[in-house]
Amino acid sequence: MKLLIVDDEELTRTGVISSIDWQSIGIQEVLQADDGINGIEMARVHRPDIVLCDVRMPRLDGIAMLEQLEEILPDIVPVFMSGYSDKEYLKAAIKLKAVNYIEKPLNPVEIRDAIMEARDLCLEKKRTRQNASIHSMESASRLALLLTQPFAHAKESIDQLIDELTLSISNTTPFTAIVLKTDTEEEFPLSEANAIFLSVQEFLKTFHIDCIFAEKRVQYMVYFLFGSTPGAAVRKSIEEFFCNLYSRCTRFCIAAGDTVTGISRAYQSYTSAVISLQSSFFFPTGTFLSPFYQAPVSETAAELSASPENEFLTLLTEKNKEKAKAFLDNLFLYYNQNQNILPNQAKDLYYKLFRALDNAARQLKLTLSDTQENLIDTLEKIFSYNEMHQKLVKKTEIFFQTAVSTEEENSTIFLIKDYIGQKYMNETLSVKDISDHVFLSTSYVCTFFKNETGQTLNQYLTEYRMEKAKQLLSDPRYKITDISSRVGYSDGNYFGKSFKKYTGFSPSEYREKMS
């Protein structure tokens, strides 16, 4: 807490400050001013919780100062001190709800007791205000959630909450929904969510716009703006504000719905924002899409063949790197910032293209990673089209690098490596499993693999698992404990030791090094 001491006598101020251990009674900062006018300026800047002030001072006395301060800081708690036994001043002090009135010459014990009493009252005021604020926010959040469903379904509850929150809403009040999606899988802490909402409210007041807010299914934030219809310049300011506000999130996208008239149509604004938000998948993260957003028109409209996955497979098996690159460039032109396609349509095609890479690798006896289960999981968690496309580009580059640098392996070695690529997540995968897969004895497979590759089977398996673990550790969405089981280790400690032996770093050290 902060204490402001206002007295025209410097000796009194320094004496009070030095005579009490303020930290021990919860006062972290003690400020001082030499008269009422300077006291008001100090209060404006530093916003103290308690003010200890003299009654009689030049320029502006303590009573007049506190009357003005009540308008600036309504929760401030005053304590008066004076060398005059003036009944009129005492009456004014009582009217201003002074906690205490201390007569000069001052007694440090009396001052300490009075400030402690003021501190307790101040804490009680803060708790009361905080509880009222939390209750108000909870009600506003319930109202915002109700507006994300058809009005007729919740009209009675909506009307009750509007009355409870004393919101000024009529049939002509304009509403605009703004929906934001982040890549986080954890809820914002309540204090942080409230702080964000309050900063939005404070910003919008400048434009005579009010808002209510709700968090929906962890990743989604829903704001309803109402009160006035923003012009183009104001809309631009609001877009920039939201983008800056959520810039701390790794990845996010925002969409605004149509502006509608009346709370009964707020749901329509919300649904139009949700539809627009789907298109955000094809835009760079941090883009704010609104009904007025116009994506840049490509100079050359891209078209896809009837069966892109088969075209891609042919280019891969023919090792035609230049045409494969042109195919991917055309694919990007077709999907990037395309507002007429659903994300799942694009993900479905990209799934087939990733599988085409695996099929081509099998035909050419090249060893690539990613099982079908991993691929589905990866695509499900992809946040943006650009991220998905870059993964395909990177894997295609690896495909051609492998094709150039790797001599055609013995077909048995290929089958062994391919089997390990499919089964490495299984902790019980053994040499016997591998030998059974290629219909050879265990001892012969071990000798044969070592002669052909220079590694034992167990060395190759461990190396393969560690390389997969390194890939997963580069993605912060995966927890280290989950990575351990995903690469075939049920014992996290054993995984950690094996990883450190292989890389020289613990999993957490490696992740920090990569970030």
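Predicted model: local features only at pLDDT ≥ 70, side-chain atom pairs only at ≥ 80, totals over all residues.
1. **Where the lining comes from.** The largest share belongs to α12, with 5 residues.

2. Which classes of residue make up the lining of the second largest pocket? There are 15 nonpolar residues, 11 charged and 4 polar.

3. **α18 against α21, geometry.** Two packed helices are described by the angle between their axes and the distance between the axes. For α18 (residues 457–473) and α21 (residues 507–514), the axes cross at roughly 50° and come within 9 Å. Angles from 65 to 115 degrees would count as roughly perpendicular, and those under 35 as roughly parallel. The α18 and α21 pair is therefore oblique. The crossing of α18 past α21 is right-handed.

4. **α18 against α21, residues.** On the α18 side, the contact uses Lys470, Leu472 and Leu473. Pro507, Tyr510 and Arg511 meet them from α21. By class, this contact has 4 nonpolar and 2 charged residues, with no polar ones.

5. **α15 against α18, geometry.** Helix α15 (residues 411–423) packs on α18 at an angle of about 40°. Their axes lie 11 Å apart. This pair, too, is therefore oblique. Is the crossing of α15 past α18 left-handed or right-handed? It is right-handed.

6. **α15 against α18, residues.** From α15 come Ile416, Lys417, Ile420 and Gly421. Their partners in α18 are Leu457, Tyr460, Leu461 and Tyr464. The contact of α15 with α18 divides into 6 nonpolar residues, 1 polar and 1 charged.

7. **Positive phi at Arg47.** Most residues other than glycine have a negative phi. Arg47 has a positive phi, near 50°. Where is Arg47 found? Arg47 sits in the loop between α2 (36–46) and β3 (50–54).

8. **Positive phi at Thr166.** Thr166 is not a glycine, yet its phi is positive, at about 50°. Thr166 lies in the loop between α6 (155–165) and β6.

Note on methods
Residues numbered from 1 in each chain as written. Heavy atoms only, no water. Helix = DSSP H or I, 4+ residues; strand = E, 2+ residues; numbered from the N terminus. Nonpolar A, V, L, I, M, F, W, Y, C, P; charged D, E, K, R; others polar. Axes fitted to C-alpha atoms, helices over the stretch in contact; angles between N-to-C directions. Parallel < 35°, antiparallel > 145°, perpendicular 65-115°, else oblique. Left-handed = near helix turned anticlockwise from the far one by under 90°. Contact = heavy atoms within 4.5 Å.
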